[in-house]
Amino acid sequence: MKAVKRYHISTGKIAIGLLLLILLLMILGGCSLFAGYDDEAYISENENLTVVGVSQLGSESGWRTANTESVQSVFTKQNGFFLIFNNARQKQENQIKAIRSFISQRVDYIVFAPVVESGWETVLIEAKEAGIPVILMDRGVNVADKSLYITCIGSDFVEEGEKAGRWLEADLEERGTADDEINIVILKGNQGASAQTGRSIGFSTIAGTHSNWNILDQEYGDFTSAKGKEVMESFLQKYPDIDVVVSQNDDMTFGALEAIRESGRTVGIDGDITIISFDAVQEALQMVAEGTINVDIECNPNQGEYIYEAIQMLESGEEPEKRYYVEEDVYTIDNVTEELLSQRTY
């Protein structure tokens, strides 16, 4: 009988081998580091729970984090739900992949916040053919067949843009400069995103009624502070006489403010440049209270409860309305109070 060769394998090598095996299984199984428990065996053990697959577009801002938390807070086991969560990292292909994963796992409902408006027909048809209702969160999609989704819950972005325009009208009137030439630059969000297109349309509608409002330039700042600063630096180099900055979210505003300060210009109520922002997160509202940001148009991220109610309607056989808008406000130094700041959850 041949002698058996014995090999000594170190504990470290075993650990490395096990780690590589786990990573391989995660890849083969389609596991995402940003997903919740998406294992079919686990779901089968919780068949009494309503399974909801949520694809969030990313985590690009404090607003988005609050939006995610509002969803996670309602779709809990205590409320009778099993949540599968995916972070798309700002890429549409990641969201489409996540939705197809939800379909293959036979979830009860699909909820997603679209990165952009177009390019969803094929995957939504797949969800409809699988009999899985789809709910849009925060943003809308541009599809010919509206039956591909049940309802859309979020903000009226066009109205938000119009609110910004109407506020600027009133502010210029109050300052006695309504007839002066007003030079405006606009930091836009992600190209093709509902928030970007809606706010642009709304503000342009109001601006178009004022021949003395000069929109010098508008560029995409991608809803991030770093890009907002970069775009604002470019604006300041090209245009020495900027009167108003319209920034389509607070994170871009933070970057723009940094660029403006570094240029030696001043902002806010007593400054050279009027700042109009959107979202109204706590940090930005503090700047409103200090007079740094002139006005902040609220975009309410607390949409989880609305989605929960829509699903409850569907569970009871009712048909939700096609569109629900969350309640939102306009904040200036006059209505930002310490109580509001202390109660702000985002």
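Analyst: What follows sets values against definitions, topic by topic.

User: What should I know about the numbering and the source of the coordinates?

Analyst: This is a predicted model, where local features need pLDDT of at least 70, side-chain atom pairs count only at pLDDT 80 or more, and totals for chains, interfaces and linings use all residues. Residues are numbered from 1 along each chain as its sequence is written, and side-chain values use heavy atoms, with hydrogens and water left out.

User: What is the average pLDDT of the protein, and why does residues 1-39 need care?

Analyst: pLDDT is the predictor's confidence in each residue, from 0 to 100. The protein averages 89, and 86% of the residues score at least 70. Over residues 1-39, pLDDT stays under 50. Where pLDDT is low, the predicted coordinates should not be read in detail. The model has 23 contacts for residues 1-39 beyond four places in sequence; a contact means heavy atoms within 4.5 Å.

User: How many helices and strands does the protein have, and what makes a run count as one?

Analyst: Twelve helices and twelve strands. Both are DSSP runs, numbered from the N terminus: helices are H or I with at least four residues, strands are E with at least two.

User: Which label does Val158 get, and what does it touch?

Analyst: Its relative accessible area is 31%, so Val158 is partly exposed. Val158 sits in helix H6 (residues 157-175). Leaving aside neighbours within four places in sequence, Val158 is in contact with Gly198, Arg199, Ile201 and Gly202. Val158 and Ala195 are 37 residues apart in sequence, with 8.2 Å between their C-alpha atoms.

User: What makes a set of residues a nonpolar core, and which residues have the most contacts inside the largest one?

Analyst: A nonpolar core is a set of buried Ala, Val, Leu, Ile, Met, Phe, Trp, Tyr and Cys residues joined through side-chain atoms within 4.5 Å. The largest has 37 residues, and Met232, Ile242 and Val245 have the most contacts inside it. H9 gives the most to this core, with six residues. Beyond four places in sequence, the contacts of Met232 include Val185, Leu187 and Ala256. A second, separate core of 24 residues includes Leu49, Ala98, Val123 and Leu148.

User: How do you know that a space is a cavity, and how many of 30 Å³ or more are there?

Analyst: On a 1 Å grid over the protein atoms alone, a cavity is a set of points where a 1.4 Å probe fits but cannot get out. The search of the whole structure finds one of 30 Å³ or more. About 110 Å³ of space lies in the largest cavity; a volume is the space filled by probe spheres set on the points. Its lining has 14 residues, and Trp63, Arg64, Arg139, Arg199 and Asp279 lie nearest the centre. Lining residues have an atom within 4 Å of a point.

How values were computed:
Buried < 20%, exposed > 50% of the residue type's maximum accessible area, 1.4 Å probe, protein only. 1 Å grid on protein atoms, 1.4 Å probe; cavity = no way out; pocket = protein on both sides within 12 Å on 5 of 7 lines; lining within 4 Å.
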